[in-house]
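Please look at the sequence and the model shown below before reading on. The paragraphs that follow lead through the structure step by step.

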Amino acid sequence: MPTTLRIALLAGLLALLSNLAVIGFIYFRTHDEAVVTVHQQVLEQAKVLTDVYRSGGKPALDDAIGDTMTYGDPQTVIALIAPRGGELMGNLETRPATVLPRQEGYRNTLIRLRGQTTPREAALVIHRLPTGNWLVSGRIAGEGFAIRDTLERSLLIALVVAALLGLFCGLILANYVGQRIGDIATVADRIGARDLSRRVPLSGAGDAFDRLGEQINAMLDRITGLMEELRLLTDSLAHDLRSPVSRLRSAAHAAAEAEDPSEQEELLGSVIRQADALMRILTAVLEISRSEALTGRKQFNWFDVGELAAELAEMYDPLAEEKGARLEFDRPTRPVPLFGHRQLLAQAVSNLIENAIRYGASGGEIRVRVHPGERRIRIEVGDRGPGIPANRRAEARRRFGRLDSSRSDEGAGLGLALAESIAHLHEGRLMLDDNRPGLLTMLELPVHAQQARAA
Amino acid sequence: MGRKILLIEDDRETASYLTKGLNQEGHSVEQATNGQDGLFRATDGSFDLIILDRMLPVLDGLSVLKALRAARIDTPVLILSALASVGDRIEGLECGSDDYLVKPFSFAELLARVNALLRRRESRVDPSEHRLSVGDLEIDPLSRTVRRGGKKLDLKPREYLLLEYFARNEGRVVTRTMLLEQVWDYHFDPGTNVIDVHVSRLRRKLDEGFEKPLLHTVRGAGYMLAA
């Protein structure tokens, strides 16, 4: 069964049920106790009269009718009518021939009492006596009777109409829903067919469908962005590998051509160095994608960030000195515990320090700091070099985003990108700022609630 | 001098290259081409060293390693792997391997590590009890004092650790990566010559003013401390 039809049927059924409830309510409110009482009284009265007839025959019945007319309450209707119409006795006006159909049973109908001009509503029981005469007995009821009768009929009609309308509305609704969902499904189909350019059309009503559509569109934008990033990364990886590979190739070529053994050895050494540089690039790319995929969290442990930074500062101090800069470390006064990946954070911080030495050593001072915070720990590396203007910082942190592409030094342009992905692994971030003068790089790592509890 | 080495490696080319090289160094090499076979051969405990590839058919390298350690076979294990990330290296070491080498590697690097592991097996005495000496260099690991030709050398803590590591591998090539891993306990590959700078500082303190240098550079491989 197609979804549209199912929705239509469901809507129709729900409409029917709610209408039933309303109609039932109206029915029970109008069909109240008074009505039931009148009904029963009339039936009992008719039974008494037929019993009288059965036991006493016509004379007894005549007496009973007479008594009723004399002593009964004025609301009582009683009459004996000849088989072909024409009243034999009683208080029922039969001329002009009343609407009384010659049929046995209980009914509500309009009648006129003798001597009255306005017809009134009465509940009657019509009984055919063995003689062929009709015994009519009953009571004048309130105005409501006929109305009620009409109402009951109307309610029945209303029920049918409601069911049909419900089905009709259901069809319209289902069609609408089907169309809106169809729009989304079409987009999903296109994505399945690798077309990510389609977007869900929005009605502008801001309803749930629009929200769903907006979310799907946002998701598609994000996916497209990621794919674009991935494509750029692959492109730039392929592009950036070209120069080391071509250097490697020419070094190998030169080594093969070299005649002097010592020169050849020299060139072969260069071949190996170029190959190592390539491996380093590939490892860094791998490390970045691992970190971004958040693998490695199971290797998290507690360690002192202050200690780690101190170790790295000590490790890079001689290198900085060789490049003409002083590497200063401001040791925090107390341990700075963090739950994280010690090895990867060591790599991230060393990347920042290497970056500072490589591009900022000319400034003479490189300062490493650890700021222990309540909620985040910040590791800073500041240099006094040329820095990076604000508008080029985004470019600098991109993978292979080496600002001065003409330089063919060891930096593959992955250092900051790797540091950033390692920050992401720790739910932190990498920030670049102006060190006035110079570049200030910061790793900001949150101290999580779970860590706080574990502490 | 020759030792028994078990090589568990499924790549024929790598295996024959390694076997040839290790044979030339005087070691005998037995080869297994899948994890199960390798584990079977390793369980007799007669080998001095196991070189274990991480990705193997039938039973992977880490499972072989875990099974060996569970069976209390403590033969030193050197893992070879193309899985190069820091996390992979840590995982390998945590599974009970003694060293982890990432493919591709130079034979010199492999040989240096193989020799260091074989050496460690040889001298199973508490290292801190011994005084170390290389030529006229004397190291006392307990007080962490270093003398050369009777003259006390003033070393920073890290320089001392560096020298002690060199001394424990006297006469053997030590690579830059080995130094970074063993002396600093870092498992990433720095993009700078930071290790060389440390070694040259140590060399200045160690060899300056002495006729015969002790700390040698081995081209294309690393360094060596030898009298």
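Is Asp185(B) buried or exposed? With 11 C-beta neighbours inside 10 Å, Asp185(B) counts as exposed; a residue is buried if 20 or more other C-beta atoms lie within 10 Å of its own, exposed if 12 or fewer, and partly exposed in between, with C-beta atoms placed from the backbone. Its phi is near 60 degrees, a positive value in a residue other than glycine. Asp185(B) belongs to the loop between α7 (176-183) and α8 of chain B. Helices (H or I, at least four residues) and strands (E, at least two) are DSSP runs, numbered from the N terminus. The model is predicted: local features need pLDDT of at least 70 and side-chain atom pairs count only at pLDDT 80 or more, while totals for chains, interfaces and linings use all residues. Residues are numbered from 1 along each chain as its sequence is written, and chains are lettered from A and ligands numbered from 1 in the order in which they are written.

Arg144(B) also has a positive phi, of about 55 degrees, although it is not a glycine. This residue is found in the loop between β7 (137-140) and β8 (145-148) of chain B. Because Arg144(B) has 13 C-beta neighbours inside 10 Å, it counts as partly exposed.

Two peptide bonds deserve attention as well. The bond from Lys103(B) to Pro104(B) is cis, with omega near -5 degrees, and Pro104(B) lies in the loop between β5 and α5 (107-122) of chain B. In chain A, the bond from Arg436(A) to Pro437(A) is cis, with omega near -10 degrees. Pro437(A) is placed in the loop between β11 (429-434) and β12 (439-446) of chain A.

The sheets of chain B come next. Five strands form an open sheet in the order β2-β1-β3-β4-β5 (chain B), with parallel pairing; two strands pair if DSSP finds at least two bridges between them. At the edges stand β2 (28-32) and β5 (99-102) of chain B, each with a single partner strand, so one side of each is left without a neighbour in the sheet. On average, neighbouring strands of this sheet are turned by 20 degrees against each other, direction ignored. Strand β4 (residues 77-81) of chain B is joined to β5(B) by four bridges, and the two run parallel. Within this pair, Leu80(B) has Leu101(B) in β5(B) as its bridge partner.

Helix α2 (residues 35-42) of chain B lies across β1 (4-8), β2 and β3 (49-53) of chain B, and runs at about 160 degrees to β1(B). Helix α3 (residues 61-70) of chain B lies across β1, β3 and β4 of chain B, at about 150 degrees to β3(B). For such angles, axes are lines fitted to C-alpha atoms, for helices over the stretch in contact, and angles run from 0 to 180 degrees between N-to-C directions.

Another open sheet of chain B has three strands in the order β10-β12-β11, with antiparallel pairing. Its edge strands are β10 (174-175) and β11 (215-218) of chain B. Four bridges join β11(B) to strand β12 (residues 222-225) of chain B, and two bridges join β10(B) to β12(B). Tyr223(B) in β12(B) stands opposite Val174(B) and opposite Thr217(B). The hairpin of β11(B) and β12(B) has three residues between the strands, and Gly220(B) takes a positive phi near 75 degrees there.

Chain A has ten helices and twelve strands. Buried residues make up 27% of its 455 residues. Helix α7 (residues 342-360) of chain A is mostly covered, with 18 of its 19 residues buried.

What does the largest nonpolar core contain? It has 104 residues, and those with the most contacts inside it include Tyr316(A), Ala348(A), Ile51(B) and Leu78(B). A nonpolar core is a set of buried Ala, Val, Leu, Ile, Met, Phe, Trp, Tyr and Cys residues joined through C-beta atoms within 7 Å. A second, separate core of 24 residues includes Val42(A) and Leu135(A).

Finally, the two chains meet: 21 residues of chain B are in contact with 26 residues of chain A, where contact requires C-beta atoms, placed from the backbone, to lie within 7 Å. The largest share of the side of chain B that touches chain A, four residues, comes from α8(B).
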